[in-house]
Amino acid sequence: MLLAPGMLWLAIFFLVPMGFLGYQSLQSGIFPNFHFTWQFANFSSAISGYHTQLVRSFFYAGIATVACLVLAYPLAYWIAFRAGPWRNLFLLFIVAPFFVTYLVRTLAWLNILGDEGPIVRILKDVHILGPNGRLLATTFAVVAGITYNFFPFMALPLYVSLEQIDARLLEAAKDLYASPTKAFLRVTLPLSAPGIVAGTLLTFIPAAGDFINAYFLGTPNQTMIGNVIQAKFLESLDYPTAASLSFILMGTIMVMLLVYAWIVGTEKLTG
Amino acid sequence: MNDRMTREQLLRRGAAGATLLSVPGLLAACGGGGGGKSASNKVNKVLNFANWPLYIDTPQTLKAAGIHKPTTLQQFEKQTGIKVNYYVEINDNPGYFAKVQGRLSRGQGIGRDIIVSTDNDRFLGEYISNKWVQKLDKSLIPNFSNLIAAQQHPPFDPNRDYSLPWASGMDGIAWNEKVSDPVTSVKQLFEDPKLKGRVGVWNSMGDTLGLVMLENGDDPAKVTDASFNRAIARVQKAVSSGQILKFYGNDYAPVLEKGDLKATMAWSGDIKLLGDPKLHWVVPTQGGIIWTDNMIIPLGGSVPTASTYMNFMYEPKTSAQWSIGASYISSVKGVKAEAVKLNPKEGGNPLIFPQEATLSQMHQNDPAMLTNPKYNKAWLAVQGQ
């Protein structure tokens, strides 16, 4: 019974909207006259029509997650073990850009990466980019945008788990003749695993459904499943397809999550 | 039995009470602003007007045209004492429709007295046929008689009970001479390798496919499956080859000015209003599309206040000044005579008073194409959606 407030919260803000979305996903008809007809065909036609964007979304989210991990781990490690009294200041540096809204941050990249912007000009001058080379409107720009926007979701959990490691364990490893590499691989890395797991989930799940980065930094050839859902809901007013695509996205993430949990072990998921 | 509540009962009642208290409260909070259907017949002190960017006379554009007068908005405020909140918040028809349709479909207001919607998109028809707009109060619009004959009986509102034209404009092509040579046809826009990846088109089907159909030699006013598919295939080719950067609403303008877009499909007055000498606009060699944006009063809006403003804008003198300042076409009789008085040169401005030769190149969209769900689906698909 002590769970009641929590359950109520869950019911009102999760189960009810979800039920409504499920109801909508099985409707047929044309805006504004939709009827509930158990239209399971919505799901099959959504998959056959938009599997490209679905696969692309997971591909982009996957690369961005790995990039976040590779960039954030050394940073979090350095802050946790080497930054000493400056720790909080450096953490603030990670979080500070996020006081500005998501949209504005992405629009800033639109200007920075623009064909007539400073970075492209410099890269062309030093011949890293060819005369027709560009950064904006490429897969690189979209993945880089996602990486940038979700970076703190990776860095902060990593920092928390690294910071909790007992330094005496590393000393003990050293005393037992472990090389620094070995000590890292046998002690630090396993102990930071909960942070890695939490960070990858917090990055990958929202990244897979993201549409802002593909919209502003990509072209029609980089659209992700989030863009499709957005357009179906808001532009073509095709609510049933949009709702079924949302379920497909959610279901796929759920399956991936279960597989991931099974591989790394559930105790890591809960920290 | 005693009267003391158990812990369990307390929690249960507390939770139930909280639900009762919070749910209606939340709903009320979400519904704030805008008011309901009950519009009074009093003129308000404030007019809330939602419009597109680059669509009204500003001190800069008036100065550039040598007109030393307050803007039409300032004149209206001074004359009537009604303050205007002018919201530049419409970037494209579908996006705006999506934003407001939820409240309108429940009969609720959206906090706006006038919104502007285009006749070559399906949404103007949706607003009117779903009864999400209110009738104009023509007793407050004596200048209604100044509406030109060509605009008196449009198919979406045969008696002009719900709408009045704000502006007409033309679909054409613009380029930035800093980064591109002149671009004068859709063929060049879609196929010139020098423009690769730096070309913009609209996300509205009527505008973009209209120009493409003209390039294909098809009639945009009478669309068949064959001509539709030809046009889609042509756009698809330009998307797949990487020629097209993006599908835009009105947001193409700053990107073109910056030079990230070398050339783009563009609306006639926008380029002039940007006032950048490096930007040029033409009617494509194979012809352009003409359309009209319409003022409508959404549910919850104040009909008397909105009607008062419409009447003001249908004064030929006001409309002439607006027309010069915005570089779009007015639907008010006698505007040309007034425009010449303001600035003799502007009487020959082809963006405001298109010559017969230009008008003969103009075509209209087939309304049946705009509402066809199969076509709408194909149109999203070509945008990767």
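Predicted model: local features only at pLDDT ≥ 70, side-chain atom pairs only at ≥ 80, totals over all residues.
## Chain A at a glance

Let's start with the overall picture. Chain A has 13 helices and two strands, and its C-alpha atoms fill a box of roughly 70 × 65 × 30 Å along the principal axes. Of its 271 residues, 32% are buried.

How much of the contact set in chain A comes from residues 24 or more positions apart? Taking contacts with a separation of 6 or more, such pairs account for 69%.

## Two helices that cross: H7 and H8 of chain A

Next up is a helix pair. Helix H7 (residues 167-175) of chain A packs on helix H8 (residues 180-191) of chain A at an angle of about 145 degrees, and the two axes are 10 Å apart. As for handedness, H7(A) passes H8(A) in a right-handed crossing.

Which residues meet here? H7(A) brings A:Leu169, A:Leu170, A:Ala173 and A:Lys174, while H8(A) brings A:Ala183, A:Arg186, A:Val187 and A:Thr188. By class, the residues of this contact of H7(A) with H8(A) come out as five nonpolar, one polar and two charged.

## Where chain A touches chain B

The contact between the chains takes 22 residues from chain A and 28 residues from chain B. On the chain A side, the elements that give two or more residues are helix H1 (4-25) and helix H11 (225-234) of chain A. H11(A) gives the most, with four residues. The residues on that side of chain A divide into 12 nonpolar, six polar and four charged.

## A closer look around H11 of chain A

A:Val228 sits in helix H11 of chain A. Is A:Val228 buried or exposed? A:Val228 has 27 other C-beta atoms within 10 Å, so this residue is buried. Leaving aside neighbours within four places in sequence, the contacts of A:Val228 are A:Tyr50, A:Gln53, A:Thr223, A:Leu245 and, from the other chain, B:Gln385. A:Asn132 is 96 residues from A:Val228 along the chain, and the C-alpha atoms of the two are separated by 29 Å.

Follow the chain on to the loop between H11 and helix H12 (239-264) of chain A, and you find A:Leu237. Phi of A:Leu237 is near 55 degrees, a positive value in a residue other than glycine. Why does that deserve a second look? Because most residues other than glycine have a negative phi. A:Leu237 counts as buried because 21 C-beta neighbours lie inside 10 Å.

## A positive phi in chain B

Chain B has a residue with a positive phi too: B:Lys131, where phi is near 60 degrees, and this residue is also not a glycine. B:Lys131 is in the loop between helix H5 (123-129) and strand S4 (133-134) of chain B. Is B:Lys131 buried or exposed? With 11 C-beta neighbours inside 10 Å, B:Lys131 counts as exposed.

## The two domains of chain B

The domain assignment of chain B gives domain 1 (46-168 + 291-353) and domain 2 (170-290 + 362-382). How far apart are the C-alpha centres of domain 1 and domain 2 of chain B? These centres lie 25 Å apart.

Across the boundary in chain B, 21 residues of domain 1 are in contact with 21 residues of domain 2. On the domain 1 side, helix H2 (59-64) and helix H4 (93-105) of chain B are the elements that give two or more residues. H2(B) gives the most to that side, with three residues. By class, the side of domain 1 of chain B that touches domain 2 has nine nonpolar, nine polar and three charged residues.

## H13 of chain B: one side in, one side out

Last stop: helix H13 (residues 335-342) of chain B. Which residues of H13(B) are buried? They are B:Val335, B:Glu338, B:Ala339 and B:Leu342.

What do the buried residues of H13(B) pack against? Their partner is helix H12 (316-326) of chain B. Over on the other side of H13(B), B:Ala337 and B:Lys341 are exposed.

Technical notes
Residues numbered from 1 in each chain as written. Chains lettered and ligands numbered in written order. Buried ≥ 20, exposed ≤ 12 C-beta atoms within 10 Å, placed from the backbone. Contact = placed C-beta atoms within 7 Å. Domains from an automatic or database assignment. Nonpolar A, V, L, I, M, F, W, Y, C, P; charged D, E, K, R; others polar. Axes fitted to C-alpha atoms, helices over the stretch in contact; angles between N-to-C directions. Left-handed = near helix turned anticlockwise from the far one by under 90°.
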